[in-house]
Structures are given as C-alpha cells and as structure tokens.
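Please read the following report beside the sequence and the model, taking one element at a time.

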Amino acid sequence: TNSPTWGMNSTNGGRGPASRAGARRPVLALLTVAAVAALGLLASSAGVARNATDLAAGLGRTVQAALGADAPAPEIWIDMINYQEGISGYSVTLVELLTVVKSRPAVSLVEPCMCDSIVFTCAHDHCMKMGGGIPVSEVFDLSWAMAGTPDRPLPLMHSYGDFRRILVGSEAPILNVTSGIAVTDDPGRVQVIQVPFRCWIKLCAKEVAGKLKVDLQFESGGASWGQERVVSDLAVSRLALHPEHYRTVGGVLAASNVTGPFSLVHWRGERQGINFNSCAEKIVRTKERLTALGDLRDSSADNKFILMSSVMDDKANMWWAAQQWRDKFSSETNNPGTALDIIRSGGFLTFDGLLRDSGIKPRDPGLLAVYDLILVGLADQFTTCARGCAGGQCHACNYMGKFSKMTLEMRPKDKEDSTYDCWPI
C-alpha cells in the first residue's frame with residue numbers, strides 16, 4: 001500500500017514573509033471526510049456492517065504491527081493544524097494539550113513539527129516546502145511524553161510517522177472531529193480531533209477538552225506573562241529544551257573563546273518606526289552601565305559582552321516578522337547593517353556571528369530562539385526589555401512580547417541580582 005500524503009489544500013504559495021504570513025491564517029481541517037474517503041481510509045456505509053469488536057481488534061493489530069506487540073491502541077488522536085507562533089506560545093500550548101490528553105485514557109497527541117519558526121501538523125504544506133520540518137521532540141526533551149508508564153501504558157504523544165502508519169493500515173472507520181462536534185463513545189471508530197484555527201494558549205486546550213468532555217482548571221490573575229493558562233498536573237510546568245542544543249551552544253562559546261564570565265543584552269528590534277542606529281547607540285550605553293554596576297561575581301577584565309537579537313547580518317536567519325520590520329524601515333541612513341557595526345565597534349560579539357564563525361547553520365530559524373534561551377541561562381549578567389522603562393529606551397527599540405518575559409524565567413535563581421527587565425541606561 002502506498003502511504004498517502006496526510007496533508008491539506010492551502011493557498012500558501014512560495015516562501016518569503018508574505019507567504020509565511022499567509023500560512024498563519026486559519027485553515028480548514030485537513031482530515032476532511034472527502035479526503036479520507038479518497039485515501040481509502042474511511043469505510044463506506046456498506047463496509048461499516050462489521051461489528052465494533054472486529055473493528056477494535058483490527059485497529060489493535062495495526063498498532064501492534066506499527067509500534068510493537070504490546071503497544072496499546074489510541075482510540076482518539078489530537079492532531080492540531082496550526083499552533084500559536086513563537087516558542088513562548090507553542091511551548092505553553094503543548095503543555096496544555098498534554099495535560100488534556102493525560103486526563104482521559106486511550107487519547108494521544110500527534111507530535112507536530114517546527115517549520116520556519118512556526119509549529120504546524122507535520123503534514124502541513126508549509127512544512128513540506130521546508131523539507132518536513134523539525135519534530136518538536138527534537139526541540140524539547142519530550143522523551144517522558146513519548147513513552148508509556150505503568151499507570152498509563154499509552155504514551156501521551158506519538159510521532160507523526162506512527163500516527164500516519166496506524167491510520168493508513170487501520171480497518172476501523174475514521175471520524176474527523178472538528179468544530180462543533182464532540183467525540184463519540186463508540187469503541188469501533190478511530191477519532192481524530194482537529195481545530196481549524198490557530199492553537200492559542202488556553203483557547204485551544206479548552207476547545208479540545210470540550211470535545212473530550214473533560215473539565216479543566218485555569219490559572220487566574222497571577223498567571224505567568226499576564227495570560228491565563230490551563231492548570232497542569234504534569235510532572236513538568238515548562239518544557240525542558242533538548243540536551244543536544246545545550247551541547248551546541250556550549251560548543252559555540254568554547255570555539256569562540258568565551259570561557260569566562262559574559263554579559264548578554266537582548267534586543268528584539270521589531271518596532272513601528274524603529275531607528276536602528278539610535279537603538280545601537282543605546283545598546284552601547286547599556287554595556288557601559290552594566291560594566292559600572294559591578295554585580296558580576298567574577299569582575300575579571302575578561303568579561304565579554306554578547307548581543308542576542310532578532311536583528312542579524314544574515315537576513316535569511318531572521319524569522320519572518322523580523323525580516324518584515326527590517327525591510328519596512330531600512331534606509332540608506334537607517335539600516336540594521338550599520339547598527340550592528342556600531343554595536344560591534346562598541347565591544348560586542350553577536351551570537352549569530354559566533355554561530356557563523358563556528359560553521360553552524362541551524363536547520364530552522366526557530367532553533368535560534370532555542371539557542372537564545374540557553375544563552376540566557378548561561379550568562380552571568382543579562383538584560384532584556386520586558387516592560388516600558390522610565391527613560392523610554394526599551395519602548396523605542398523593542399517589541400516587548402512574551403518571549404522577553406520568557407527569557408526572565410530562564411534565569412537561574414542565583415543570578416536574579418544580575419538580571420534586568422529593562423536596559424539600565
């Protein structure tokens with residue numbers, strides 16, 4: 001049997017900022033009844049005459065063939081089409097969906113992929129254009145979610161490849177559960193839950209929980225980053241990054257002779273009317289102020305300063321939104337290249353430059369955000385712009401979103417005294 005492409009029709013054309021923006025629009029559910037029937041996966045009304053016991057047994061044989069003799073069979077799959085963009089969004093959504101999955105037996109989440117910094121179902125045509133994307137288990141350490149336990153032999157999450165193999169070989173009818181529909185209690189069906197809109201924090205988990213008839217609790221006003229979230233009973237409250245990325249960042253620093261203390265300045269240069277050159281001068285003044293504060297545990301003169309920024313020399317490495325801001329506001333007298341030259345002449349290394357010098361080309365621009373978060377935890381001194389400052393230096397130069405707040409959560413407790421949520425000019 002030829003394995004079909006488990007994909008969707010989309011109006012997204014070629015690459016570039018415009019097409020990436022288009023890919024983020026809500027799309028219709030990919031597992032339509034017509035599509036499944038065309039693949040030969042949906043039983044006809046005549047073929048559904050088999051009894052539910054035979055159908056469940058057929059699904060069980062399929063799962064055993066695909067995953068192993070003792071593998072339990074998921075009866076309900078959750079395959080989200082389009083996750084909230086940005087690691088600060090989709091990392092939370094994944095925890096929330098895994099929380100929902102854990103609350104009901106025989107349910108498994110289909111592992112999505114990161115494709116050009118955005119997370120989609122791995123069959124999304126945007127991922128296909130990117131060569132298949134990066135499974136999120138290669139972004140985060142999700143080994144615990146993809147393995148069964150004595151209390152729950154069925155893993156909370158299966159790879160997309162396993163999901164596709166099981167469905168393609170299933171003898172049971174497949175029900176696509178989309179908007180306005182709840183799952184049935186028929187054990188003879190395979191049910192695939194999909195939500196045809198972007199999977200935002202709280203809202204996506206709430207929609208899926210409604211389909212599964214599961215009650216959820218939500219955090220109130222004290223929620224991190226000022227956004228209400230699902231209360232999770234998982235062993236983790238935040239997904240750990242994959243160990244391989246720590247080795248990559250450590251190797252880059254060592255190869256660049258950054259072996260002692262270093263200070264890190266975060267600049268998210270995505271702002272209406274941004275003056276890149278003026279912001280660069282503010283960053284150089286920030287370095288001078290950080291040096292004067294003297295809060296480093298090792299005040300060695302060998303302390304280095306590194307810029308971590310969405311503004312880079314290589315435009316191709318910038319995520320789509322940063323590219324758009326760069327193109328929109330660059331001019332002969334105001335351009336990112338000149339701004340980066342000002343910053344480097346002020347004594348900074350740039351992390352994207354260190355990656356380039358080390359010969360490392362990330363498989364996806366989204367991995368740069370992963371490397372940044374690791375760098376934040378390693379830095380002896382760190383400053384970002386997570387709020388407006390009295391002097392206005394942050395507001396004029398930065399988009400102050402959830403990622404900036406996420407960086408603060410990555411700081412170890414013993415480094416809180418050398419962490420600043422506003423550039424200390």
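## Helix H4

Of the 16 residues of H4, 15 are buried, so this helix is largely enclosed by the rest of the structure; buried means under 20% relative accessible area, with exposed over 50% and partly exposed in between, for a 1.4 Å probe and protein chains only. Helices (H or I, at least four residues) and strands (E, at least two) are DSSP runs, numbered from the N terminus. At 1.5 Å a residue the 16 residues of H4 should span 22 Å, and the end C-alpha atoms are 22 Å apart, which agrees; the expected span is 1.5 Å times one less than the number of residues.

This is a predicted model, in which local features need pLDDT of at least 70 and side-chain atom pairs count only at pLDDT 80 or more, whereas totals for chains, interfaces and linings use all residues. Residues are numbered from 1 along each chain as its sequence is written, and side-chain values use heavy atoms, with hydrogens and water left out.

## The five-stranded sheet

Five strands, in the order E6-E2-E1-E8-E7, make up an open sheet with parallel pairing; two strands pair if DSSP finds at least two bridges between them. Strand E6 (157-158) and strand E7 (174-177) stand at the edges with a single partner strand each, so one side of each is left without a neighbour in the sheet.

Strand E1 (residues 76-78) runs parallel to strand E2 (residues 107-110) and is joined to it by three bridges, with Val107 in E2 as the bridge partner of Ile76. Helix H4 (residues 87-102) lies across E1, E2 and E6, at about 160 degrees to E2; such angles run from 0 to 180 degrees between N-to-C directions, along axes fitted to C-alpha atoms, for helices over the stretch in contact, and contact means heavy atoms within 4.5 Å.

## Strand E9

Six of the six residues of strand E9 (residues 262-267) are buried, so E9 is largely enclosed by the rest of the structure. Phe262, Leu264 and His266 point one way from E9, and Ser263, Val265 and Trp267 the other way.

Six bridges join E9 to the parallel strand E10 (residues 304-309), and three bridges pair E9 with strand E12 (residues 381-383), also in the parallel sense. Leu264 has Ile306 as its bridge partner in E10 and stands opposite Phe382 in E12.
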